[in-house]
Amino acid sequence: MIRKQQYEQLSDEWNVKTKLLLSVIIISFIHLLSANLHAQEEVVLENQFIRLRWEQTSKGYALGTITLNPDADPITIDKPQGHYVGLYSAGQPDTTVNTKLFEQANGHRFSDYKYIVQRVIDGFRPVPLNTAGEVVSFLPASAKKTDQGIEFFQENPQFSANINWSLDRLYAQDVLVEIKVKANQAGYFSFASPTLFSTEPDELEWAMLPGYFQGREIQPDLLRAYAYGQGIPGLPVVVRERTASTLSPLIQNKQGVTLAVIPEPGVAAHPWLYDKSSRGAWKLGLSLMNRGGQLSPTLYHPVLGEIDSYLEVGEERVFRFRYAIQKQDWFSVYKHAIYDIYKFDQAIKLKNTGQSLTDRMLSMLKYLRDDSTSLWNVHTYQGMQIGAQSYLGGVVGADRDAMKNADYGAMWMLARLTGDSILRKTRLQAARNFKLTQQQTDEGFFKGAAIGQYYLWKSRRFTEEWGDYVEPIALTYYTMLDIGNILLFEPQDREMKDRLRSGADKLLEWQQADGSWLVAYDKHTEQPQFSDLSDLRPTFYGLLVAYRLLGDDKYLQAAEKGANWYVAEAINKGHFLGVCGDVRFVPDFATGQSAQALLDLYELTDNKTYLEAAVNAAKLYTSSIYTHPIPTQQVKEVRGKQKEDWEITQVGLSFEHGGTLGSANGGGPILLASHAGLFVRMAKLTGERIFLDMARAAAWGRDAFVDPATHVASYYWERMDDGPGPFPHHAWWQVGWITDYLIAEITARSGGKIDFPRGFITPKVGPHQSYGFAAGKVFGTPVDLYLPTGMVSVANPQVDFMAAKASQGTDMYLILLNNSTVRQKSAIALHELPAYSQAVLLDEKGDKIRDLSLEDGNFMVDMPVLGLKVVKLSNRGFMR
């Protein structure tokens, strides 16, 4: 009995143990099966445009394939990666200048340029050189699917990271990434956008970090790329957001695939956070290479050692960005960043100006007529009274005695359009004499050349901005362009015509065999200066001016020879040089100027090569226009005054020069919008909306930068409404670009039915051109451009106007523009005009809308969105 009970007890225990063992085996098998199934489950993000597949490797999850258009005509990207890089430094990162690399790279001498020398040195510190910090490179250890996409996780001694990938539902070709990191050790951190794939140098079609670098190849001369933006630096340098015009480094390969990485709006530093400029803040780093030196657009946030980069143990940071990857050219993906992510059109919709552009011009006329406010000076030189405005900026050798005239085309244009007696009697002759004495007439190497932009009245000599040298581009500017514009208004001026020929012949003499020119010649030794640089500027345009006015074919042939060299070496490569001597000619508005120069050459020759090059130059110049941050209606403080963010935004403004060295690093962009008229013309030629939007974003609603006393806008953005400051002559350029913009809009909106002949480009600041020297047409009627002073009032500042008088008879046309994105209504008042018996309102095609009542000289006009209307005033019945 006992044995039987023991047996049964042992049997029960055995059964229990067996069941337990079987359970463990079964559970283990289920876990193993589940693990195998999980390991075999694909980690994939995909839609009709893109497929990303990760593979689990011994090091973690790596990108196995990247396929574009997987369902139709698929494109497989070679050598996908998916590697992550974090940077860590327990203490403040090293700031020691890499003197060895600096000395190796410094083939371009910057030590004499006080405005930029420190920026050059700062570029060779460890953080911008991307050598700072300990590199923590990894592939995520685990991955799981979520409702949004894929979540990866990685634990390192320094930090842990949760990384979420998803596909944008609105922009289906974009991949969204969010990196959340938590510090496991205290210290300074920076996190890079991971490398999807890299592009081999021989597979590079185009690369651009807007505002900094562009080109088709790695530039072996580091400073030529790093300082001048002529090609891609051969090191993975990291640059600031403050002169990155669009936050979208991008690379197009020879497959035709463009990859851009775009930070979420708000990641970069805001240039005016609340009550002062915050351009010195550095929150976002941008590069065209990863830390390993492979070509791949890369972002860094925070920037090691900068704002928000120090984390205590347990502190977190979040970094959000997106990849845009498309079988499109660079310009298409670039526009996607500008419009779809950074909402560029919002900058235009918020505009609400308090002073029309026309009224600004008429107000500046009063400023320019006043000797004291405009700092007009007249001095005797070479037996003539020469006149110009004071220039109180930096000029080598000046003792606050520099004088300069800015825009000769605008001077003669405003005098002609307004008939102003003070301009005609006290400005033009003295300015003409200044031009005569500015050109060397004595025999010798420089005969025919302009011997300096500035006249120093104390030492009685002309000089250049930053040294005693003479540039061929200065001959184009200050002899050919200025004299050319004078001759458009004064075609019988024989002396000026002789001077033009003398300048053209000197330009011919200095032209090299390949069509180019040297950058400069020393005024004393006559030897070439700046031999480390090529004259990648539109110097050839001076010969186009000579051909138009003198008619000699040799000038046109030489202009084409120069343009052919320029297209091959500058436009096609994306390599440019600037015209500002005080920053050693880093690229500037001469790039935009070249687009108009080539467009003018195309109109003379009908050679499509120049048209294509002009359009390409204009596209490249869009990268000199700020497109971030997104303007809002948030209230900011500006020197004790309340302003909404959109009123002071940098969006839509161009910079004088950007990059690592340009003035935009400190002063921000500029208020001179010389490119606006050109961009309207480019929009009409190409149908590209970006040109029109950029023109309007620059021109409209800039009241916050206009001095209430003089109505002159400040030059640099950071100065807000300080007025002309040390640059009183800039008012002429402002009159010039505003007129060019308004006439370009009138021509575009009327479909070319209203048009006026354009003069020559203004020197130095961009591509705007003069008007009023010859009759134009309004709906087929020959007319002369006219700007009545004190005779017409348009009550609504959103409505601009220009006027024209019939070349024969007394009819007058008021051309009205609604420069806003909403319908407008305005009262129009006529004062002191000859008595008109008829007033008819016409649409943009010239068709009659209705008769207007002229009782008391007042009437109302409704203006459609972005509309144009014309009021025809006459002393007879309206006739079609």
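Me: What should I know about the model before reading it?
Reply: This is a predicted model, with residues numbered from 1 along each chain as its sequence is written. Local features need pLDDT of at least 70, side-chain atom pairs count only at pLDDT 80 or more, totals for chains, interfaces and linings use all residues, and side-chain values use heavy atoms, with hydrogens and water left out.

Me: How is a pair of aromatic rings described?
Reply: By the distance of the centres and the angle of the planes. Rings of Phe, Tyr and Trp (its six-membered ring) pair if their centres lie within 6.5 Å; planes under 30 degrees apart are stacked, over 60 edge-to-face, and the rest tilted.

Me: How many aromatic pairs does the structure hold?
Reply: It holds 48. Take tyrosine 113 and tryptophan 466: their ring centres are 6.4 Å apart and their planes at 25°, so the pair is stacked. This pair links distant parts of the chain, 353 residues apart. Tyrosine 113 is in the loop between α2 (99-105) and α3 (117-122). Tryptophan 466 is in the loop between β26 (461-463) and β27 (469-470). Helices here are DSSP runs of H or I with at least four residues, strands are runs of E with at least two, and both are numbered from the N terminus.

Me: Are tyrosine 113 and tryptophan 466 buried or exposed?
Reply: Buried means under 20% relative accessible area, exposed over 50%, and partly exposed in between (1.4 Å probe, protein chains only). Tyrosine 113 is at 5%, so it counts as buried. Tryptophan 466 is at 11%, so it is buried as well. Now take phenylalanine 189 and phenylalanine 191: with centres 6.1 Å apart and planes at 10°, they are stacked. Both of these phenylalanines are buried.

Me: Which residues form one aromatic cluster?
Reply: Trp54, Tyr61, Phe152, Trp165, Phe319, Phe321 and Tyr323.

Me: How do I read a charge over a ring?
Reply: NZ of Lys or CZ of Arg must be within 6 Å of the ring centre and within 35 degrees of the ring normal. The charged end of arginine 584 sits over the ring of phenylalanine 110, 5.7 Å from its centre. Lysine 805 has its charged end over the ring of tyrosine 786, at 4.2 Å from the centre.

Me: Where is histidine 657, and which residues is it in contact with?
Reply: Contact means heavy atoms within 4.5 Å. Histidine 657 lies in the loop between β31 (641-644) and α17 (675-686). Its relative accessible area is 1%, so histidine 657 is buried. Leaving aside neighbours within four places in sequence, its contacts include Cys580, Val583, Pro587 and Ser663.

Me: What is a polar contact?
Reply: A pair of N or O atoms within 3.5 Å; within protein, one must be able to donate a hydrogen and the other to accept it, and residues adjacent in sequence count only if both atoms are side-chain atoms. The side chains of histidine 657 and glutamate 656 are joined by one of 3.4 Å. Aspartate 535 is in the loop between β29 (528-529) and α13 (541-550). Its side chain makes a polar contact of 2.5 Å with the side chain of arginine 537. Another of 2.5 Å joins the side chains of aspartate 535 and threonine 539. Aspartate 535 is buried, with a relative accessible area of 2%.

Me: How do α13 and α15 pack?
Reply: Axes are lines fitted to C-alpha atoms, for helices over the stretch in contact, and angles run from 0 to 180 degrees between N-to-C directions. α13 and α15 (residues 590-605) pack at about 35°, with their axes 10 Å apart. The contact is made by Tyr541, Leu544, Tyr547 and Arg548 of α13 and Ala597, Asp600, Leu601 and Leu604 of α15.
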